Amino acid sequence: MKTALITPVYKKGKRSDYNNYRPIGILPCVEKVLEIYLNEEITKYIKKYNIIPPNQYGFQKEKSTIDLLENITDQIYTNMDERKYTVMLILDLTKAFDLIPHDRLINKLNQAGIGGKLMDIIKNYFEALLVVRLIVWVFYF
């Protein structure tokens, strides 16, 4: 299930810097189907127990940047009508998912009630990600 054809795909910046490449893995069909199924089940669980706040727009089906901008615009206009100030802090975290320590993410998933065999699969997936990055770095640079 962990076998994949790995190809480094250039993103931006210096071509000699391995951090500017994203490893793309072509997965066996069975693994891809399992990944889709697990994603759907975790998403159902998260929605059922309202784990993600309603003002979270990233990586959510049926939510987009347009929805976010409409929400922000409405809030600004409401504040203007009520003679209130609006202060915004906007962050663009490049490679945001790559910056999250896997152990911290696993702890958050545990706190959300995800455990057992599903957690074993998720941990195994993170271990595979580390191996893929190492393989791409060693063989292509």
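**Figure 1. Burial and overall make-up of the protein chain.** In this predicted model, 15% of the 141 residues of the protein chain count as buried. The chain exposes about 11,900 Å², of which carbon and sulfur atoms supply 60%. Its secondary structure consists of five helices and two strands, arranged from the N terminus in the order β-β-α-α-α-α-α. Of the contacts between residues at least 6 apart in sequence, 40% join residues at least 24 apart.

Figure 2. Helix H1 comprises 20 residues. From its first C-alpha to its last, H1 reaches 29 Å, close to the 28 Å expected at 1.5 Å a residue. The buried residues shown in H1 are Glu31, Leu38, Ile42 and Ile46. These residues cover an arc of only 70 degrees around the axis, which puts them on the same side of H1. An α-helix has 3.6 residues a turn, so residues three or four places apart point the same way. The other side of H1 carries the exposed residues Cys29, Val30, Val33, Lys44 and Lys48. Asn50 follows H1 and has a positive phi, near 50 degrees.

Figure 3. Asn79 is part of helix H2, which spans residues 65-81. Its relative accessibility is 9%, and because buried means under 20%, Asn79 counts as buried. With Thr86, the link includes a polar contact between the two side chains, at 3.0 Å.

**Figure 4. Helix H4, residues 102-111, with its buried and exposed residues.** The buried residues of H4 are His102, Ile106 and Leu109. Seen down the helix axis, these residues fall within an arc of 60 degrees, so they line one face of H4. Exposed residues are found on the other side of H4, namely Asp103, Arg104, Lys108 and Gln111. Just after H4, Gly113 adopts a positive phi of about 100 degrees.

Definitions and conventions. Residues numbered from 1 in each chain as written. Predicted model: local features only at pLDDT ≥ 70, side-chain atom pairs only at ≥ 80, totals over all residues. Heavy atoms only, no water. Buried < 20%, exposed > 50% of the residue type's maximum accessible area, 1.4 Å probe, protein only. Helix = DSSP H or I, 4+ residues; strand = E, 2+ residues; numbered from the N terminus. Arc of directions from axis to C-beta. Expected span 1.5 Å × (residues − 1). Contact = heavy atoms within 4.5 Å. Areas by Shrake-Rupley, 256 points an atom, 1.4 Å probe, with all protein chains shown as cover. Polar contact = N/O pair within 3.5 Å; in protein donor to acceptor, adjacent residues only side chain to side chain.
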